[in-house]
Amino acid sequence: MMKKLLAFVFAAFLASSVFAQEAPDALIQQVTEEVLDIIRKDKDIQNGNTQKAIDLVEKKVLPHFNFPRMTALAVGKDWRKATGTQQQQLVGEFKTLLVRTYSNALTGYKNQKIVYKPFKMAAGETDVLVRTEVLQPGSKPVQLDYSLEKIEAGWKVYDVTIAGISLVTNYRDQFGQEVRNGGIDGLVASLVAKNKSLESNLAKADKK
Amino acid sequence: MTGMCRALKLCAIRQLVMGGLLLAAFGGTAWAEGNPRDPYEGFNRTMFSANEVIDKYAAKPVAQVYDKATPLPVKAGVGNFFGNVGDLWIGVNSALQGKFGDAGIDLGRLAINSTVGIFGLFDVASELGLEKHEEDFGQTMAVWGVGDGGYLFWPIIGPRTLRDTGGWVVDSYVDPVWRARPISARNSMVALRFVDIRASLLPADKVVEEAALDKYAYIRDAYLQRRRNQIFDGRPPRLDD
């Protein structure tokens with residue numbers, strides 16, 4: 001009995017560590033295909049139901065993102081000036097903003113295909129770039145790259161780059177400007193205000 | 001000087017550039033604490049606001065009508081046609097940057113798409129695996145070691161660094177579309193290409209509106225990142241965080 005239990009625990013341990021060590025390119029491919037599959041079948045999302053797209057992103061995509069790291073990257077050198085509470089506020093608001101705006105982009109899905117570029121990784125590497133390309137009929141392919149870092153919980157995305165534009169560091173100058181004008185609290189306040197205005201737009205759109 | 005000015009367009013562009021620089025020189029001081037990559041921010045923000053108005057009342061509505069009224073195959077054909085016209089100059093720029101393999105691909109694309117692809121309406125070369133490149137004279141100058149020279153925002157033309165404004169003048173000067181005759185045909189083609197490009201940006205509009213705290217800065221930083229990516233052909237060295 002004890003032997004069986006041990007074997008089970010050992011197997012579970014093995015399985016979990018295999019999961020945690022899943023290759024970053026395989027992770028990106030699996031999550032992308034899963035999400036696209038859902039969108040292809042979901043007429044509501046295709047017709048612009050942002051709330052449904054947000055729910056999908058929160059359920060399927062967010063667990064693979066490292067938002068504290070993303071926020072720290074976006075804020076840059078001012079990050080260390082922020083207190084623990086302020087950092088938490090920033091992470092929360094930035095997450096809301098990114099999820100809102102880019103879930104919306106998912107509703108524009110029209111038969112695009114994703115090509116996964118060849119991926120090589122040295123043993124023991126903990127910071128990698130997974131490169132993909134979005135193909136759409138009648139337009140040039142768009143480069144879509146994910147930066148991932150390996151932390152205890154496994155590989156987590158900390159930056160997404162579209163056509164060379166980092167969605168995270170593209171905020172750095174805007175955030176820096178807000179901090180110069182109103183300190184960290186000023187930045188938190190303008191993110192809160194931005195998210196509120198997006199929320200009310202969403203509510204208006206739902207009424208239509 | 002007058003010889004170069006014979007092409008009225010080039011003359012107008014030069015005046016615009018010179019005027020812009022002068023304005024920028026005076027306007028720039030107002031933003032003392034600003035971004036080192038955006039030394040002419042005062043001037044740029046003024047131009048950006050002007051462009052927002054032009055876009056809202058002219059460019060965007062026209063692009064929206066074009067986007068709705070034109071079937072996808074036609075839109076693809078239009079994009080492919082102008083893409084094909086550009087491949088020769090792209091090939092020249094690949095060669096000027098020492099990328100002779102790429103230059104060969106660019107010319108191969110031109111040959112295939114102009115013939116099998118029926119005057120470039122179909123991008124057969126991409127189907128055959130000859131990938132399209134993005135090159136222009138601004139990138140060539142960057143590879144040669146010319147620095148950005150600061151960010152500029154032009155009405156209608158949009159964002160360009162100082163170097164890329166110069167590059168754009170050269171690109172336009174050799175552009176077969178600008179050289180097409182009769183003038184009426186040239187004007188229609190220039191207008192169609194403009195509308196086609198604007199229409200291709202429509203999906204991005206909403207994302208930018210929603211994502212940006214400061215739309216001007218969001219577009220500026222996106223442009224600068226994208227240019228850097230183009231100059232390094234999609235593999236820019238990492239910047240230290």
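I began with the crossing of α4(A) and α6(A), which is right-handed. I note that I am working from a predicted model.

I then looked up the geometry of this pair. Helix α4 (residues 50-61) of chain A packs against helix α6 (residues 84-106) of chain A at an angle of about 110 degrees, and the axes are 8 Å apart. Angles of 65 to 115 degrees count as roughly perpendicular, so α4(A) is roughly perpendicular to α6(A).

Next I listed the residues that meet. From α4(A) I have Thr50(A), Ala53(A), Ile54(A), Val57(A) and Glu58(A); from α6(A) I have Val99(A), Arg100(A), Ser103(A), Asn104(A) and Leu106(A). By class, this contact holds five nonpolar, three polar and two charged residues.

I turned to the sheet of chain A. Its five strands run in the order β1-β2-β3-β4-β5, the sheet is open and the pairing is antiparallel. β1 (113-116) and β5 (165-166) are at the edges with a single partner strand each, so one side of each has no neighbour in the sheet.

Helix α2 (residues 24-41) of chain A lies across β1, β2 (127-135), β3 (142-151) and β4, at about 35 degrees to β2(A).

Last, I looked at the contact between the chains. Chain B gives 27 residues and chain A gives 24 residues. On the chain B side, α3 (72-96), α10 (202-211) and α11 (215-231) each give two or more residues. I recorded α11(B) as giving the most, with nine residues. That side of chain B has ten nonpolar, seven polar and ten charged residues.

Key: Residues are numbered from 1 along each chain as its sequence is written. Chains are lettered from A and ligands numbered from 1 in the order in which they are written. This is a predicted model: local features need pLDDT of at least 70, side-chain atom pairs count only at pLDDT 80 or more; totals for chains, interfaces and linings use all residues. Axes are lines fitted to C-alpha atoms, for helices over the stretch in contact, and angles run from 0 to 180 degrees between N-to-C directions. Helices (H or I, at least four residues) and strands (E, at least two) are DSSP runs, numbered from the N terminus. Angles under 35 degrees count as roughly parallel, over 145 as roughly antiparallel, 65 to 115 as roughly perpendicular and the rest as oblique. A crossing is left-handed if the near helix is turned anticlockwise from the far one by less than a right angle, and right-handed if clockwise. Two residues are in contact if their C-beta atoms, placed from the backbone, lie within 7 Å. Ala, Val, Leu, Ile, Met, Phe, Trp, Tyr, Cys and Pro count as nonpolar, Asp, Glu, Lys and Arg as charged, and the others, Gly among them, as polar. Two strands pair if DSSP finds at least two bridges between them.
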